[in-house]
Amino acid sequence: MDTLKSKGTSWGWRVSIFLFCVVAAVSGQIRYSIPEEMRKGLFVGDVAKDLGLDVKRLVSGRARLAIDDDNQYVALNQNKGHIVVNERIDREKLCAKKSPCSFSLEIVLEDPLELFSITIEIQDVNDHAPAFPKKEINLEISESTPTGTVFLLDSAADPDVGINSLQSYSLKANEHFVLKQHARADGSKYAEMILQSGLDREKQSEHTLILTAVDGGEPQRSGTVRIHVSVLDANDNAPVFTQSLYKVSVLENVLRGTVIAKVSAIDADQGYNGNVTYSFTHLEDSSCPFEINPYTGEVKLTGDIDYEVLPNYEINLQAKDPWGVMGASKLIIEIADVNDNSPVITMASYSGRISEDSTPGTVVALISVQDKDSGKNGQVQLNIDENLPFKIKSSLRNYYALVTEQSLDREKRSKYSITLTATDEGLPALSSIKTVVLDVTDINDNAPTFSQSVYSTRVMENNPPGVEMLQIHATDPDQGQNARISYLLIDGEVNGNPVSTYFSIDTESGVIHSLRSLDYEQVKEYKIRVKAQDGGSPPISSNATVIVHVQDQNDNPPQVLYPVQTGGSLVAEMVPRSADVGYLVTKVVAVDVDSGQNAWLSYKLQKATDRALFEVGLQNGEIRTIRQVTDKDAVKQRLTVIVEDNGQPSRSATVIVNVAVADSFPEVLSEFTDFTHDKEYNDNLTFYLVLALAVVSFLFITCLVVIISVKIYRWRQSRILYHSNLPVIPYYPPRYSDTLGTGTLQHVYNYEVCRTTDSRKSDIKYMPPMSQSLVSVDDAGTETLQNGEQSSAVSRMSTLVS
């Protein structure tokens, strides 16, 4: 026996090393055949070659095996396209007595989705020897037992199948018993021992026999059991079963302890010899889920039965009287399937994400649904909620594809919770529910949207550079980088300069800053265009308009246009002593380049030689007499008028108006000559006094000589003018009219305006009209008439001389 076992072991290893593979390609299916007990990593089949696939396709398609069972017996080598053994395969554990033994799996490829079915058949290896359930069989046989009596023997069990299973029995030669073999419908074999010659207890009360069971493997394996025969005294009748074959059907979900059958046998003997006991014989599996009551013949369920594991049981019955006389029968128990298995949902291929631009019909997931029941109990339907934009399509065996039915929009719905319901057709139907979450990934299909199409802001002029003016804001319903917004200025020009030299925008926050100080007097309003651009590829943008209103600030003082203040001569207005109350002397004209209330001007008389004689119009700047001029009034009248705007704080300008109250030019000339002379003298004296205090005594003498020289020079010049032959003809200014509401300005004036970028440095030149009534006295006290008045005065003086 040991020799047989060692030979069997070595032969088994040689079979494991030699792989026999059969490939059959029918309708996208291939089949391999391998022996059991192969080592991990051994080659099973070249699926790449057998399916006609490139190995690169297996790698790019992320090929993987989808196996229904939890045990991963084989694995896929993507780099070579081979299927190899992943763990040791025990055919007896996998299929028990089922033959042929195989399991199925699928190869799943993605991009595009492909599915190939593979069946791997496990060939049996003779790795088990036949074994009897007991080490010894004890038989009690009456000596009166007639020849030809059959004795059923316990069968040996061999989990191998086919030729490797139990093939025959042999009995060690003896003179009383011979062995007869039988085969059941399923091919299993059992032995009967037949009495071929009568027993004589007086000659030999006990017999020892050796029963050997042999399989057909290579090398051959065997098992033995010792049969101990005790010869009893005569018992003439053997028990006889009421039926030669008992057949019952039982549901697989019947409870333990349930009586599923009752058998009975009759023994014609009376009394003690007629007592019958029942038992099972030649059980090949010690884990039989049934037991028989030895006295009543009731067969009860003591274990678990499952239609999917074994659909029927065939059990040999034995009835024995107290003397060992036996009768035999057979019990067949058929297991009826019930719908006791719910469908099992497995996600064979599922990424959990889908792009929102996926077209209808895009495969979202490949779903495997398995039900271990048979018939209608194992037929399954897979469904999802009707209000979702997806549907279920049938695929290969027990596979379903979840595909899109409508277009998706992440901005409307970014996540779907999909409930898969698998329901079989059993009564009552069983179902399984599996919920999967599907995220819709974003694409850049939405442009940023501004909160306003037009933004408006106000900025005070003379603002410091870099001041924040306003913040714009845009939103993008996309996600991630597609929703990351950058703010930009659109190229344009302001006063011939790029807009970027005036303003800047923070690309992240949208805050707009002024890069320079703005001047209301130059530009009152800026219109700039901004753009919001997302970070998608390609990016999408939208535009908005920003209007910047520059607010005026009281940054410019009033400018006096008239009377013009000159440095070389004094200008005086003449008022005749006959002037009535309200006589219009002149009109102070001023402008303010600011706007609004900052440009509203008011005129006030700040100082005057005689405040009781003149007044200034608050709004129009007209200087009028407020009483009758008298002879006592001084010829020289000096008025200081202040012009103020209405800003906060207000700005002002002052103008000095010299008024001559006289009826003739000589009177005016003498007064204003003294005035200018005294003024010049006082100014020079003040200057020299200050200078004299600052120098040493040596310089004091020098300064004194210079002063005396200057005074002599000016005296001689004034004398020359005074003794001139040209007479001085007085010229009275005409009355002013204000018919057009323009104050005391004549209708014709010449203005020369030179504007700069800084309004505070503007230059305004005023050319008086030809008929202006001014008396201009220069520093030497000489009267000068303006423009056309000079020519008319000369002509009149020539006439007088002649």
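This briefing covers aromatic contacts, charges over rings, a nonpolar patch and a hairpin. The model is predicted: local features need pLDDT of at least 70, side-chain atom pairs count only at pLDDT 80 or more, and totals for chains, interfaces and linings use all residues. Residues are numbered from 1 along each chain as its sequence is written, and side-chain values use heavy atoms, with hydrogens and water left out.

**Aromatic pairs**

- Twelve aromatic pairs turn up in a search of the whole structure. Rings of Phe, Tyr and Trp (its six-membered ring) pair if their centres lie within 6.5 Å; planes under 30 degrees apart are stacked, over 60 edge-to-face, and the rest tilted.
- Tyr272 and Trp323 are edge-to-face, because their ring centres are 5.7 Å apart and their planes stand at 80°.
- This pair links distant parts of the chain, 51 residues apart. Tyr272 sits in the loop between β18 (265–266) and β19 (277–281), and Trp323 in the loop between β22 (312–320) and β23 (326–336). Strands (E, at least two residues) and helices (H or I, at least four) are DSSP runs, numbered from the N terminus.
- Tyr272 is exposed at 52% relative accessibility, while Trp323 is partly exposed at 25%. Buried means under 20% relative accessible area, exposed over 50%, and partly exposed in between (1.4 Å probe, protein chains only).
- Phe390 and Tyr416 are also edge-to-face, at 5.3 Å centre to centre and 90° between planes. Phe390 lies in strand β28 (residues 390–394) and Tyr416 in strand β30 (residues 415–424), so the pair ties together parts 26 residues apart in sequence. Both residues are buried.
- Phe241, Tyr246 and Tyr278 form one aromatic cluster.

**Charges over rings**

- The charged end of Arg516 sits over the ring of Tyr502, 4.2 Å from its centre. The criterion is NZ of Lys or CZ of Arg within 6 Å of the ring centre and within 35 degrees of the ring normal.
- Lys524 places its charged end over the ring of Tyr520, 4.8 Å from the centre.

**Nonpolar patch**

- Phe700, Ile701, Leu704, Val705, Ile708 and Ile712 make a nonpolar surface patch of about 580 Å². Patch residues have over 30% relative accessible area and no salt bridge, with nonpolar side chains joined within 5 Å and like charges within 9 Å. A salt bridge is a side-chain nitrogen of Lys or Arg within 4 Å of a carboxyl oxygen of Asp or Glu.
- Val705 lies in helix α6 (residues 697–722).

**Hairpin**

- Strands β11 (residues 177–183) and β12 (residues 189–195) run antiparallel, joined by seven bridges. Strands pair if DSSP finds at least two bridges between them.
- Gln181 stands opposite Ala191 in β12.
- Five residues separate the hairpin strands β11 and β12, and Gly187 in the turn has a positive phi of about 95°.

Definitions and conventions. Areas by Shrake-Rupley, 256 points an atom, 1.4 Å probe, with all protein chains shown as cover.
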